[in-house]
Amino acid sequence: MKGIKKSLTEEYLYLDLSHQKEGCIFPLHTSITLFLLSYCDCKIFKVCLVLTEESTGISLLKNVLSEDVEIQIISRQELPPIVQNCCLPAVVERPDNFCRAGLAVVLRHIIQKSYEADPSKMEILELLGFKKTCLKACAEVSQWTRLCELTIPLAIENFLKESSDQPPTIPAEILELEKKLSEPVRVHNDDKLRRQKLKQQKAAGVRPSLDKEETKSKAHRQETSEEVDSSSASLDLRVAFSKLTVREEPAPANREPAHVRKARASDLPPLDHVFVEGLYFTLADIVLLPCIHHFLVIICKKLSEKLVEFPLLAAWYQRIQEVPRVKTTASQCGIQFLHLPELQTTSNEQQPSLDEVPCVEEQNDPSFIGGPRPTMTKLMEKGIEVMFSPHPCPTWTLDWDTLPAAVSPKEGKMSSDRALRKQQQLNNLVYVVTNQAKPGDRIVDFCSGGGHVGIVLAHMLPSCQVTLIENKELSLIRAKKRSDELGLSNIWFIQANMEYFTGTFNIGVALHACGVATDMVIEHCIKTRASFVTCPCCYGFIQNTSKFNFPKSEQFKKTLSYKEHMILCRFADQTAVQLPPQRRLIGKQCMFLVDLDRARAAEECGYSIQVISMEPESCSPKNNMIVGVPI
C-alpha cells in the first residue's frame, strides 16, 4: 500500500478541457483517457483538467470520473514547466523532471500502473496485446498507431464540428478503418487457429456449429452480465471471449484429422476481425470506441442512409458492448450505446494492410537502372560527388578518466570495446555542441536512448537546460537513474514521440536516430530555427512516409527516382567491419550521398550544412555527422 500511496502523491495526469457537447468532452483525447481511467477503475493519479480558450464547469463532469478521483481545474499557465513544452495528455512524476506525453504513451502508462496497483487485474494488462506492443510503435512511423492515436480522433472532432452547420462529409479515416476490418486477421498462432476453423467448417458442412468446448466455455462467460450469444458464436468469437475471461480454451487431446493437418496454408480459411486489432480486445478498441460512438450518433441522426456503408464497423460497435465492464464504463462516461439494425456484410476484395501499401513509383519505374554504381554515376554527371567537410578538431577528446563514473557510457550494459567506441562517438558530438552552445541555451537530445549524449552535455554545460526525448520508457528510466546519481538539476526527461514535444530550443542533437527518425529531428529543428548535430543510422529503413518523400532536395529530385534513392539507402547500410573493404567503401559513399540529399534539403530552408565523417572512423560503421546552423 505504501507504494500506491507514493504514486498518488507523485503522479499527476494533465488533460486538455475545451468544452462538452452532447455528452462528449473535447478534445477526444481527453474523453478517451477518462474512459480508460474508468474502465481500469484507476484512482492512482491526480487528474488536472487544463482549460483552453473555451471552458466548462466541473459540474458537467460529475458522471465522467468516479467521485473519489481527485480533480483540479487549472489554467495552462499553472502547468509545470516541463509539461508546457508538451502536447497533452501528459503524466508527470514529482519532482517535475520526468514527463510522459502523448495519448498512446499516457494510456499505456495508465494500464501499467493500474496493473501494478492490483496484479490480480490481469485483464487490464491484456489490453497491451501480444508481447505488450499495442500502440507502442511511434505514430511517425506506424500508420496504424497514427490512425488510432491522431488521425481518427482529429477527423471525428472535425466531423462533429461540421455536422452542427451542414451535412457532414464522411471522414476518409473512417472508410480506411472499415477497410481495415475487412482484412484477414494475423495473429501469432495464426496457423493453429485457422486449422481449428477448417476443422469446424468441415464438421458442420457449410455452416459451423458449436462443439463440446463451446458448451464448457459458456459456463465461464455466464459469470459476467454481458454475455456473448452462444447460438451465433464462431471459433473466432470463442477464442476472443475466452481471452477476455483470462481463460484459454483447453487444447484438444486428440490429434487433428489428416485433412486438417495436411491442408496447405493457402487453403485455410481466414480469421475474421472480432476487435480492431484482430481476435482480442486491446487498447486500440478503447481508443476508438468514444470516437466511433460519436460518429455513429451523427450518422444515425443526420445521415442514416449512410449506415449501410459501415457493416463491419457497426458489427464491431455492437460486439464491443459484450466485453465485460464496457457498458458500465460507457454509462459512467456519458455514453449511451445506440441500438443499430443488423447490416448485410458485403464481400470485399482483400486489400493490402496499412503497413504494406507499396509505392507506385517502386512498382513501375521504366527509367530505373539497378545497383549503386549507375546511380552514383548519374549523380556525378550532375556534379554531385562524395566530398566530406573537414572535421573541425579530429583529435579532441573528453578527459573521460576525470569525469564521474555515471557520465561515462561504461556505466551502461555494454562491453568495454563498445563503450570505448561510444566514448569516441560522444567526443565528436560533444565537441560540436559545446562550441555552439551559449549560457542559457536549451539543448534537446532526440531519440536519447539511455541518455549517453544528453547526460554528458548536461554535465559539461551546467548553464544550459538539456531535455532528453525518448519513446522507450525503460531507456529513459535508466538515463534518469544515472542523472540522479550525478545530481544534475539542469535536465528533463520526456517519454514521447517527437510530434508531442512543442517546446522551443536552440540546439537539437541525435546520435544514431534510426531511418527517417533523423529526418524528423532535422525537420523539428528547422521548424524551431535551431541548430542541429545528427548522426544518422539504419539507412536501409528509410522509406516514404506520411511526412516525408525521398529524395528530399530539389537537386536530387531532378536527378534520381524514388527507387534509385532507395538503392543508395540500402547500400548505405553495408558498412559493417566484417564486409570486404571495397564494399564498405561503396557503402560509405552511399551514406554520404543520402546525407547530402538531407543537407541540400536543409540548405533550401536557409541553413548552412556540413556533412562530416567522425574521427576515428572506426568508432562506428555509421560515422557521418550532419551539422546544421540557421543562416
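The model is predicted; local features need pLDDT of at least 70, side-chain atom pairs count only at pLDDT 80 or more, and totals for chains, interfaces and linings use all residues. Residues are numbered from 1 along each chain as its sequence is written, and side-chain values use heavy atoms, leaving out hydrogens and water.

**Confidence**

pLDDT is the predictor's confidence in each residue, from 0 to 100. The chain averages 83, and 80% of the residues score at least 70. Helices (H or I, at least four residues) and strands (E, at least two) are DSSP runs, numbered from the N terminus. Among these elements, strand β8 (residues 442–446) has the highest mean pLDDT, 98. Helix α9 (residues 212–221) has the lowest, 40.

A contact means heavy atoms within 4.5 Å.

**Cores**

Buried means under 20% relative accessible area, exposed over 50%, and partly exposed in between (1.4 Å probe, protein chains only). A nonpolar core is a set of buried Ala, Val, Leu, Ile, Met, Phe, Trp, Tyr and Cys residues joined through side-chain atoms within 4.5 Å. The largest such core has 146 residues. Y14, F295, W316 and F446 have the most contacts inside it. Helix α12 (residues 283–302) gives this core its largest share, 13 residues. Leaving out residues up to four places away in sequence, Y14 touches several partners, including C48, I74, L88 and R94. A second, separate core has 37 residues, among them V430, I443, L457 and A458.

**Strands β8, β9 and β10**

Two strands pair if DSSP finds at least two bridges between them. Strand β9 (residues 465–470) pairs with β8 and with strand β10 (residues 491–495). Of the 6 residues of β9, 5 are buried. T467 in β9 stands opposite V444 and opposite W492 in β10.

| Pair | Bridges | Direction |
|---|---|---|
| β8 and β9 | 5 bridges | parallel |
| β9 and β10 | 5 bridges | parallel |

A crossover is right-handed if, with the strands pointing away from the viewer, the path from the first strand over the helix to the second runs clockwise. From β8, the chain passes through helix α18 (residues 452–460) to β9 in a right-handed β-α-β crossover. A right-handed β-α-β unit is also made by β9, helix α19 (residues 473–486) and β10.

**A buried loop residue**

L340 lies in the loop between α14 (326–332) and α15 (360–363). Its relative accessible area is 10%, so L340 is buried. Beyond neighbours within four places in sequence, L340 contacts L296, C300, L307, A314, Y317 and Q318. L340 and L296 are 44 residues apart in sequence, but 9.3 Å apart in space, C-alpha to C-alpha.

**Helix α22 and the cysteines**

Helix α22 (residues 562–572) is largely enclosed by the rest of the structure, because 8 of its 11 residues are buried. These are Y562, E564, H565, M566, I567, L568, C569 and A572.

A disulfide is a pair of cysteine sulfur atoms within 2.5 Å. The whole structure has 0 disulfides. C538 is in no disulfide; its nearest cysteine sulfur, that of C514, is 3.2 Å away. C538 is buried, with a relative accessible area of 16%. C393 counts as partly exposed because its relative accessibility is 22%.
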